[in-house]
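Me: I have a structure open and want to go through it piece by piece. Can you take my questions as they come?

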Amino acid sequence: MSPRDPMVMSSRFLLLLLLSSTAIGCGDHPVEVVTTGGPPPTVVSPNVVVSTTLGVPVLYDASKGGAVFAAAVSGALRYSLAFLGASNGLTATGANVRGTPTATGVTRVVLTATDSIGRVASDTFAIVTFAANLPTPTLPVASYRYADAEVPLPAHFRALLDGVTALATDNTPLDNAITDAGATLGRVLFYDPRISGNDGLACAGCHSPFIGFSDTPQRSVGFAGGFTGRHSPSLVNARFYRRGRFFWDERASTLEAQVLRPIQDATEMGMPIDDLIAKLVATPYYSPLFASAFGTSNVTSDRIARALAQYVRSLSSTGSRYDRAFSADGSPNFAATFTAQEIEGEALFRSSGCAACHTTVAHVSDSVHNIGLDAVTSDSGAGRGAFKAPSLRNVGVRPRFMHDGRFTTLAQVIDFLDAGVQPNVDLDARLKAPDGTPKRLGLSATQKASLLAFLHTLTDSAFLSAPRFANPFAPSVVPIVPLPPATATAAVTIQSTAYHPATITVPAGTIVTWTNLDNTRHSASFTSALVGSTPTFSSGTERLTMPAVAGVYPYHCVVHGTAMSGTVIVQ
């Protein structure tokens with residue numbers, strides 16, 4: 001039979017077909033011949049971020065019942081899990097993650113699937129462990145108003161003062177205007193402790209609204225107990241700074257760049273941005289907030305920065321007694337609102353040179369300056385010992401001043417600028433006398449008191465307690481809490497028609513005493529019904545118990561009117 005005979009050729013074809021699909025034994029060494037079997041495994045339903053709680057046992061099937069991968073080759077896939085870094089008390093067997101998380105944070109895991117002929121595909125995902133009993137925000141059904149179109153700046157912010165308007169110093173970028181939804185998201189982020197490494201510290205932890213979005217300690221305490229390098233500055237009127245740079249040393253070129261740095265700082269909040277994104281994705285209430293602000297629920301570092309920046313820029317203080325001294329057309333009429341002492345203080349603010357650096361009706365810094373805090377510079381700041389100053393708005397309720405928090409009263413600041421400026425080699429020219437020595441203002445005690453009185457007109461109580469700026473994680477109903485022990489007291493003295501100190505910060509329920517040293521009729525009369533008033537008395541001591549509700553509580557003397565006023569901040 002010829003090799004080309006059709007029957008021979010057919011037999012050979014059948015034999016080749018058989019060899020291509022079966023194993024042929026050759027002694028004790030079988031040989032398997034296989035085809036490619038189609039495409040390799042692919043990820044068709046990836047894992048999203050997995051949320052767990054500290055101390056609560058976990059059992060999670062990372063294959064999602066076999067739904068994560070698709071495989072062309074018939075037969076079961078083999079799974080393996082590997083932790084990318086520390087496992088946080090978790091273990092992996094096959095496709096299952098189990099165990100009890102030992103710390104808050106983000107654990108990353110890679111799941112690998114292998115088919116029957118050895119081809120692989122992988123899916124990487126994050127497991128977020130939150131602290132137990134974290135709060136959730138309570139937001140109004142109708143959003144608070146933040147956008148300029150709905151909360152327009154008053155006319156005097158657009159009017160010229162010394163040749164410039166406050167609006168001309170606005171650093172809002174064209175692509176990140178304040179919106180209601182964006183600022184609402186920013187407000188939640190600002191107060192959410194989840195954005196720190198241990199779920200224990202929010203931005204507001206170092207920027208309290210009750211004290212002008214500043215902080216009480218000289219240096220703020222970070223999430224793990226470390227101290228910041230400088231005092232936490234006030235955020236009020238951050239929008240109004242022509243140079244547009246942020247931090248005391250201006251190291252951030254924009255507010256959008258600034259807001260992410262404390263979050264990622266190893267001392268302050270200890271949260272890498274990728275971990276923060278994973279935590280926000282795992283937190284249910286953020287999805288609708290991001291969708292409302294930006295159109296989709298996608299969480300990115302850019303969107304986080306933009307939302308936080310919108311909220312911070314919305315912190316415009318425009319309702320103080322100083323603001324009420326301006327008419328509807330933006331022109332000032334201090335005589336109709338201020339006392340004689342406050343009018344003198346406002347004039348001194350200008351004539352002494354304060355207004356040259358604290359410009360416009362927003363009272364914002366014009367640039368960085370070396371003000372001679374020390375003869376020899378120990379902190380170079382923005383260079384040569386120069387620093388940016390926060391707005392003076394609500395300066396009367398702040399507990400500390402300067403980049404290092406060295407001064408604890410406004411009176412100390414005034415004394416320093418009057419006669420304490422040091423002959424630093426880089427001292428700003430505005431603080432030098434004609435002979436090059438530090439300028440001495442030579443203010444009298446009366447003039448200092450007038451200047452202090454004017455600075456207190458910049459306190460905006462409505463701003464400090466405004467619901468749209470307040471903590472959305474606070475309970476909607478204030479709980480009844482026991483008063484602190486009787487030893488929780490604070491003392492104010494009355495002398496020379498003034499309260500000393502004019503502003504105090506106390507815990508809820510503190511008993512505050514007023515001691516009259518003048519032998520002249522005085523009182524401490526609060527505008528809030530939660531506090532009440534002392535009787536009018538000429539000597540001795542009267543006391544009032546502060547409420548359990550945190551807030552800013554201004555008071556004045558009924559005999560001398562608002563020219564003699566003080567503030568109690570309850571935290």
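Me: Start with the hairpin of β6 and β7. Which residue there takes a positive phi?
Reply: G94 does, with phi near 60°. Two residues lie between the strands of that hairpin. This is a predicted model, and the angle is computed from it.

Me: How are β6 and β7 joined, parallel or antiparallel?
Reply: Antiparallel, through four bridges. β6 covers residues 90-93 and β7 covers residues 96-99. Within that pairing, T93 stands opposite N96 of β7.

Me: How confident is the predictor, on average over the protein chain?
Reply: The average pLDDT is 90, and 90% of the residues score at least 70. Over residues 6-35, however, pLDDT is below 50, and that stretch has 14 contacts in the model beyond near neighbours in sequence. Residues 476-487 also have a pLDDT below 50, with eight contacts counted beyond near neighbours in sequence. Where pLDDT is low, the predicted coordinates should not be read in detail.

Me: OK, helices. At what angle do α2 and α6 pack?
Reply: About 145°, with the axes 7 Å apart. α2 is residues 180-191 and α6 is residues 286-294. Their crossing is left-handed.

Me: Which residues meet there?
Reply: From α2 they are A181, G182, T184, L185, V188 and L189. On the α6 side they are Y286, L289, F290, S292, A293 and F294. By class, the contact has nine nonpolar residues, three polar ones and no charged ones.

Me: Aromatics next. How many aromatic pairs are there?
Reply: The count is 27. One of them is F190 with Y311, a tilted pair at 5.1 Å centre to centre and 50° between the planes.

Me: Where do F190 and Y311 lie?
Reply: F190 is in α2, while Y311 is in α7, residues 301-313. The pair therefore ties together parts that are 121 residues apart in sequence.

Me: Now the sheets. What is the strand order in the one with β17?
Reply: β15-β14-β17-β19, an open sheet of four strands with mixed pairing. β15 (498-500) and β19 (540-545) are the edge strands, each pairing on one side only. The twist from one strand to the next averages 25°.

Me: How many bridges join β17 to β19?
Reply: Six, and the two strands run antiparallel. β17 is residues 511-516. Its T513 stands opposite R543 in β19.

Me: And the sheet with β21, what is its order?
Reply: β16-β21-β20-β18, also four strands in an open sheet with mixed pairing. The edges are β16 (503-506) and β18 (525-526). Each of those has a single partner strand, so one side of each is left without a neighbour in the sheet.

Me: Which way does β16 run relative to β21, parallel or antiparallel?
Reply: Parallel, with four bridges between β16 and β21, residues 561-570. I504 has V568 as its bridge partner in β21, and V506 has V570.

Me: How many bridges pair β20 with β21?
Reply: Seven, in the antiparallel sense, with β20 spanning residues 551-557. P554 stands opposite T567 in β21. A hairpin of three residues joins β20 to β21.

Me: Back to the backbone. Which peptide bond is cis, the one from H500 to what?
Reply: The one from H500 to P501, with omega near -5°. P501 sits in the loop between β15 and β16.

Me: What about F247, is its phi positive or negative?
Reply: Positive, near 80°, and the residue is not a glycine. F247 is in the loop between α2 and α3 (255-258).

Me: Why flag those two?
Reply: Because most residues other than glycine have a negative phi, and most peptide bonds are trans.

Terms used:
Residues numbered from 1 in each chain as written. Predicted model: local features only at pLDDT ≥ 70, side-chain atom pairs only at ≥ 80, totals over all residues. Heavy atoms only, no water. Axes fitted to C-alpha atoms, helices over the stretch in contact; angles between N-to-C directions. Left-handed = near helix turned anticlockwise from the far one by under 90°. Contact = heavy atoms within 4.5 Å. Nonpolar A, V, L, I, M, F, W, Y, C, P; charged D, E, K, R; others polar. Pairing = 2+ DSSP bridges. pLDDT = per-residue confidence, 0-100. Phe/Tyr/Trp six-rings, centres within 6.5 Å; stacked < 30°, edge-to-face > 60°.
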